[in-house]
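Q: Could you walk me through this model, starting with the charged pairs and then moving on to the core and the loops?

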Amino acid sequence: TNSLPAEEFVGMKHLHAHMLQLFNLAFLLVGCVQAWSFEKKPTIVSTRSSFLKNIAVVSCVSAGTFGGTRDVAHADSFSPIAEKRIGISNDKLKEIIKSDMVDRQFLASGKLTREVYDESALFKDEIDTYTLPKWIKGTQALFVTGGSSVRLVGDVDVSSSEVSFLFDEDLMFNIPFKPVVKLSGKVVLARSADTGLITSYREIWDQSVPTVLKSAKFGG
């Protein structure tokens, strides 16, 4: 029986191991898609918090599967609690939100201007509700800011009752192989009539969660 040269045999073993890792990660991603397929509300609007719940499972399990380590951001170093901008004008609020989007990339970095948010502000969808600190920490831990790109589509619209804007983004997840997904949508921030501060955050995607997962490209 013919046998493979030693170098070729070792190379094939390495290739097999790498393919097995990719298969395992793909299996986990498919699991997320299947979990969404069996939701009681299949037509539910897809939003960041419900997606984070699924991808977080992939992050934890894949770290154990591949022996990787997560480069978790130090959440306390960003968005510190500061004096609130009570009675902030529409124009100034627009300037701040636009800077958070364009300069700070806050949808991927979690680096928002905290003083324009009420500390009781909720970041929510139909499934989950997050407090402001939890959203900041979760976003900073989950994404690789340097490998992500957040783009403001059009302008930021501001009224006395809400702020809204459209976005388009590529998000790199802080898990092995650094998958990048592409999505777009709209963010609506409700404001307090008394203080002018933002009291709630809602992000609505144009795509379904399975579609977003299928867009994943592996970059690291």
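**Charged pairs, core and loops**

A: Arg114 counts as buried, with a relative accessibility of 9%, where buried means under 20% relative accessible area, exposed means over 50%, and partly exposed lies in between (1.4 Å probe, protein chains only). This is a predicted model, in which local features need pLDDT of at least 70 and side-chain atom pairs count only at pLDDT 80 or more, while totals for chains, interfaces and linings use all residues. Residues are numbered from 1 along each chain as its sequence is written, and side-chain values use heavy atoms, with hydrogens and water left out.

Q: Which residue forms a salt bridge with Arg114?
A: Glu119 does, with the closest N and O atoms 2.9 Å apart; a salt bridge here is a side-chain nitrogen of Lys or Arg within 4 Å of a carboxyl oxygen of Asp or Glu. Glu119 is partly exposed, at a relative accessible area of 30%.

Q: Which residues do salt bridges with shared partners join into one network?
A: Arg151, Asp168, Asp170 and Lys182 are joined in that way.

Q: And how many salt bridges are there in the whole structure?
A: A search of the whole structure gives 10.

Q: What does Lys94 pair with?
A: The side chain of Lys94 meets that of Asp155 in a salt bridge, at 2.8 Å from N to O. Asp155 lies in strand S3 (residues 149-158) and Lys94 in helix H3, so the pair ties together parts that are 61 residues apart in sequence. Helices (H or I, at least four residues) and strands (E, at least two) are DSSP runs, numbered from the N terminus. Both partners are partly exposed, Asp155 at 36% relative accessibility and Lys94 at 26%.

Q: Where do Lys92 and Glu95 lie?
A: Both are in helix H3 (residues 90-102), 3 residues apart, which is about one turn of the helix.

Q: Switching to the core, which residues touch the most other members?
A: In the largest nonpolar core, which has 38 residues, they are Ile97, Phe106, Tyr117, Phe165 and Leu189. A nonpolar core is a set of buried Ala, Val, Leu, Ile, Met, Phe, Trp, Tyr and Cys residues joined through side-chain atoms within 4.5 Å.

Q: What is Phe165 in contact with, leaving aside its neighbours within four places in sequence?
A: Its partners include Ile97, Met101, Phe106, Leu152, Val156 and Leu189, and also Asp155 and Lys186, where contact means heavy atoms within 4.5 Å.

Q: Now the loops: where is Gln105 found, and is it buried or exposed?
A: Gln105 is in the loop between H3 and helix H4 (106-109), and at 17% relative accessibility it counts as buried. Its phi is near 55°, a positive value in a residue other than glycine.

Q: And what is phi for Lys178?
A: Phi of Lys178 is near 45°, again positive in a residue other than glycine. Lys178 sits in the loop between strand S4 (162-172) and strand S5 (179-191), and is partly exposed at 26%.

Q: What pLDDT does the protein average?
A: The average is 77, and 61% of the residues score at least 70; pLDDT is the predictor's confidence in each residue, from 0 to 100. Over residues 9-24 the pLDDT is below 50, and this stretch has 8 contacts in the model beyond near neighbours in sequence. Residues 32-45 also stay under 50, with 18 contacts beyond four places in sequence. Where pLDDT is low, the predicted coordinates should not be read in detail.
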